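This briefing concerns the interface between two protein chains and is meant to be read alongside the coordinates.

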2 protein chains.
Amino acid sequence: MHFTSEQRLDDGVLERAFTLGGIPGILWTPASAPAPLILLGHPPLGLRKMYPRLAARARHSAAEGFATATIELPGSGDRPRWPAVEQARADLRRAMEAGEPVSDEIVDALVLPLVDKAVPEWQAALDALLALPEIGGPVGYSGGVISIGIRLAVVEPRVSAAVLFAGSFVPRALFEEARQVTIPLHVLLQWDDEGNDRQAALDLFDAFGSKEKSLHAHLGGHTGVPQFAGDAAAQFFTRHLK
Amino acid sequence: MHFTSEQRLDDGVLERAFTLGGIPGILWTPASAPAPLILLGHPPLGLRKMYPRLAARARHSAAEGFATATIELPGSGDRPRWPAVEQARADLRRAMEAGEPVSDEIVDALVLPLVDKAVPEWQAALDALLALPEIGGPVGYSGGVISIGIRLAVVEPRVSAAVLFAGSFVPRALFEEARQVTIPLHVLLQWDDEGNDRQAALDLFDAFGSKEKSLHAHLGGHTGVPQFAGDAAAQFFTRHLK
C-alpha cells in the first residue's frame with residue numbers, strides 16, 4: 001500500500017490517496033485513533049465521479065469516530081476497461097430502454113464477474129488497512145453494489161456489520177448466498193427506484209439469514225436517499241462497531 | 001378535563017391521570033414547558049395493562065422534550081364493555097385458530113366501529129390538552145391501532161406527523177383513506193408478525209399519499225420491536241415537531 005497524496009480537510013479529517021497492487025483507493029481517518037473502519041462501497045462509475053458523495057460519507061463517518069476507505073472497482077475509473085462487463089451494461093441499457101424485462105443472463109453477466117473480481121480486492125485492501133496503526137477494532141461495509149456487500153459478508157469474517165443499499169440487480173446465485181449472511185444488516189431501499197425491482201429487493205431482505213436485520217425504505221427514486229437515512233445508518237454502525 | 005391524581009416520576013416527568021367526559025387518560029409532561037405533544041396510541045387491551053409500555057414511551061419522549069398523552073379506547077379497560085366489538089374479536093380468534101383467512105367482514109366489524117368512535121374522542125382530548133399552558137406547538141400521533149392513526153391523520157389538521165405501527169388488520173375503506181394522508185409518516189413493521197399480513201402492510205405503506213414516508217421493518221414478531229426503533233421514531237418527531 002503506497003500513499004500517493006494526503007490532505008487535511010477543514011474538519012480535521014486526514015484524507016490520503018493510495019494505490020495497492022495498481023488499484024487506486026482513498027483512506028479517511030478521524031483525529032481520534034485507532035478508529036474502527038467502514039469500507040465505503042459505491043457504484044461502478046469511477047472514484048473521481050463518486051468523490052463528492054464518498055467524501056461526504058467519509059466526513060460524516062469521521063464525525064462519529066470512524067475511519068473509512070474505498071478502492072476503485074475493476075473496469076471503472078482509471079483502471080483498464082473490461083469489455084465483457086461493458087457489453088453486459090449495454091445489453092442492460094438496451095433491454096430497459098425497450099421496456100423489456102431484464103433477463104437473468106444479463107444480470108449474471110453484469111454482476112457475477114464484478115463480484116468475483118472485486119471481493120478479493122476489497123479483502124486485500126482490508127489486509128493492508130488493518131495493518132495501519134490508526135485503524136483498529138471491527139470493520140463495517142456500507143453501500144455500493146449490494147451483491148459485493150453480500151459476498152463480502154459471507155466470505156470475510158472481519159466484516160461484522162453492513163449497511164446495504166438495495167438499489168441494483170442481484171443475480172439468483174447471490175440470493176442463495178444471502179441466506180448464509182449472519183452479521184447484523186441495515187438495508188436501505190428507495191421505494192420508487194426507477195431501475196430496481198422493489199419486490200426483488202423485499203424478497204432479498206427476507207432471504208438474509210441475519211438475526212438482526214432492518215429495512216429502511218424511503219419514498220423517492222434511486223438517488224433520493226434522504227439525509228436522515230445517513231444518520232440512522234451511522235447509528236447502526238455505532239451500535240455494532242463500538 | 002379533570003385531573004384525578006398526579007405524581008412526579010424520578011426523572012422529573014410529571015404524570016397526571018385525568019378523565020374527560022367519563023374517559024380516563026394520562027398526561028406526561030417534561031420539566032421544559034410548553035412542550036409539543038405526542039398522542040400515544042395503543043392496542044385495545046386497557047390502559048392498566050398497557051401502562052408499563054406507555055410510561056416507558058412517555059419517559060423516552062419526555063427526555064427528548066415532548067409531552068405525551070393517551071386515553072382509554074372505547075370498550076377497553078374500565079370503560080363499558082362493547083358486545084359488538086367483542087363478538088368481532090371472538091370471530092377473529094376463531095378464524096385464526098382454525099387457520100382460515102380473516103374475512104373483510106370480520107376486519108370491518110372489528111375495526112370500523114372502533115375508529116368511528118375513538119377518533120372523535122382523541123380529537124376532544126386534543127381540544128382539552130392544547131388548552132393547557134404546558135402544551136404548545138405541533139402535535140404528533142404515535143403507534144397503536146393503525147386504522148385510528150390513519151383516520152386521525154386525515155381528519156385532524158392539528159396532527160402534523162405520525163409514527164404508525166403496521167401491526168393490525170386494516171379495513172379496505174381505510175386503505176382508501178390512506179391515499180388522502182399527506183403528513184410525514186414513519187411506519188414500523190415487524191417482518192414476522194404472527195397476526196399481521198406482511199404484504200397488506202407493504203401495500204398500505206405504498207398507498208399513503210404522503211411525500212415523506214419511511215418504512216422501518218425489523219426482524220421479529222409482533223412484540224419484538226427493537227429498542228433502537230424507538231430512538232429512530234423519536235428522531236422523526238424531533239425533525240417534524242420542533
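In this predicted model, 19 residues of chain B are in contact with 19 residues of chain A. The area buried between chain B and chain A comes to about 1700 Å², and carbon and sulfur atoms give 57% of that area.

**Buried area and composition**

- On the chain B side, the residues that lose the most area to chain A are Trp191(B), Leu219(B) and Phe228(B), which together account for 32% of what that side buries.
- Sorted by residue class, the side of chain B that touches chain A divides into 7 nonpolar, 6 polar and 6 charged residues.

**Polar links**

- Between chain B and chain A there are 10 residue pairs in polar contact, counted where both residues are at pLDDT 80 or more, and the number of salt bridges between these chains is 2.
- One of the salt bridges joins Asp206(B) to Arg198(A), with the closest N and O atoms 3.3 Å apart.

**Secondary structure at the interface**

- The elements of chain B that give two or more residues to the side touching chain A are α6 (198-207), β9 (213-218) and α7 (227-241), and the largest share, 6 residues, comes from β9(B).
- Strand β9 (residues 213-218) of chain A pairs with β9(B) in the antiparallel sense over 5 bridges, and within this pairing Leu215(A) stands opposite Ala217(B).

Methods. Residues numbered from 1 in each chain as written. Chains lettered and ligands numbered in written order. Predicted model: local features only at pLDDT ≥ 70, side-chain atom pairs only at ≥ 80, totals over all residues. Heavy atoms only, no water. Contact = heavy atoms within 4.5 Å. Buried area = accessible area lost by both parts, 1.4 Å probe. Salt bridge = Lys/Arg side-chain N within 4 Å of Asp/Glu carboxyl O. Polar contact = N/O pair within 3.5 Å; in protein donor to acceptor, adjacent residues only side chain to side chain. Helix = DSSP H or I, 4+ residues; strand = E, 2+ residues; numbered from the N terminus. Nonpolar A, V, L, I, M, F, W, Y, C, P; charged D, E, K, R; others polar. Pairing = 2+ DSSP bridges.
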